[in-house]
Amino acid sequence: MRAEDVDLLIIGAGMAGLTAGARAVRNGLSVTVVEIGRDVGGSALFAGYAWTAPSHDVMDQQNPYGDTALKRALVERFPEGVSWIRSLGVDIEDAQRVLSFGRGHQFDTHQYVATCRQAIRRGGGALLLETRTERLVVEDGVVTGAELRLADGTRMRVRAGSTLIATGGFQGDTELRATHVHPRAGGMRLRSNPLSRGGGYRLATSVGAATGHDDAGFYGHLIPSGIPFADPADFVDLSLYYSEHALLFNVDNDRFVDETLGDHLTAMALLEQPEGRGLLIADARVFRDWVVGSYVEGAVAVDKFALAGKRGGRVGLAEDLDELAYLPEEWGYRGDAVRDAVKLFNEHAAAGLETAPGRKLDRLPLDEPPYYVIEAVPAITFPFHGVRVDDRARVLRGDGEPLPGLLAAGSDTGGLWHRAYAGGIASALVFGLTAADTATASASHVAD
């Protein structure tokens, strides 16, 4: 078996792994990056923004049950992450609002990925593509590297001062989703890199890593039912972000969630409803202002209603409220009950009365015809359950102590988000940098 020694072994070449690799070589470390796919980038290639909560107060309001130390590290270190992107010469825009509470920056993730890869190679680092990590090596309770299976089938052992798990989560594995997200989660559409199948999660747990709560939820969005993703562009084009201004009904013809809190939260709530599907209804105001508009400033606007209809989704147009009563019977909803529920909502909203469920943000009635109807289902980007880490990106054991030699960053980690979300790219960026700095400190300590 071939063998080599490095300061930092990185398993996974997505946002977190490439960030860590580029930072580590700049810090003077020797680095090897291992990627199971044919190319680097992972789910970062489908993203376009780095954003999070702008303050601790906002983060605590939006994500009250997340790990306090991780939340604080993300908010405090995010500006440094933005500066890091700029330091690489990657184009990144000025700060802007994202969702109803966040703040972040649009940037070219393809350029960022290519720049990090180039930095790693120029810094003497190795990048091994189509390489599978078969097991972590543990000596006297310390993770000292891993055994790899290279693209040509040969085996290799990398001995490392620090090993970073950054494989992007387990959303590509239906069994892990059903076990750790929700029994129905295995059937969700996947709106991310399909190679994120829990490789890092299994490696870490096999050597004693602690994991997060099974009820933590997932990050995803509503999409039209019955439509497969044709290419990665659909991850954005088919996501029904505007649901936070519309009304959503389950198969029992009832509203069940405050839609205005965000499509990403509504997606979690819908998964737990009977059959995990629902009817999304918008009026002409919502269609004009949100359905055919940009979700965030600078994003390409797509007529999501027209696209869903073109792709064969369950869509309908009602010229007035009464026409909602004629929903196709085979859809499984009572059109008259849905119509009456929209009418009641409008009466309460117009009178300034509280609706049930309440609406924290957009409280306007949906009283401008015509009405646009799409059946929606949730799709997953990554789970919130994952490997537990501290604010230095060190993997924790069941007793809460660091597992020596092992780090994790990005969507492989758990604890930061708990049925709430404020930026996956930001988290991968911040904790990728943190992991590299932790590995640097460890290498310096050994050298001393």
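Mentor: Before we start, buried means under 20% relative accessible area. Keep in mind that this is a predicted model.

Trainee: Okay, Leu 99 then: buried or exposed?

Mentor: Leu 99 has a relative accessible area of 12%, so it counts as buried.

Trainee: And where is Leu 99?

Mentor: Leu 99 sits in the loop between strand E4 (96–98) and strand E5 (102–106). Its phi is near 55°, a positive value in a residue other than glycine. Most residues other than glycine have a negative phi.

Trainee: What about Arg 419, what's its phi?

Mentor: Phi of Arg 419 is near 50°, again positive in a non-glycine residue. You'll find Arg 419 in the loop between strand E19 (413–414) and helix H12 (424–447). Arg 419 is partly exposed, at 33% relative accessibility.

Trainee: Last one, what does Gln 273 touch?

Mentor: Leaving aside residues up to four places away in sequence, Gln 273 touches Arg 184, Asn 250 and Phe 256. With Asn 250 there's a side-chain polar contact of 2.8 Å.

Trainee: And where is Gln 273?

Mentor: In the loop between helix H8 (263–271) and strand E13 (278–282). Gln 273 counts as buried because its relative accessibility is 16%.

Definitions and conventions
Residues are numbered from 1 along each chain as its sequence is written. This is a predicted model: local features need pLDDT of at least 70, side-chain atom pairs count only at pLDDT 80 or more; totals for chains, interfaces and linings use all residues. Side-chain values use heavy atoms; hydrogens and water are left out. Helices (H or I, at least four residues) and strands (E, at least two) are DSSP runs, numbered from the N terminus. Buried means under 20% relative accessible area, exposed over 50%, partly exposed in between (1.4 Å probe, protein chains only). A polar contact is a pair of N or O atoms within 3.5 Å; within protein, one must be able to donate a hydrogen and the other to accept it, and residues adjacent in sequence count only if both atoms are side-chain atoms. Contact means heavy atoms within 4.5 Å.
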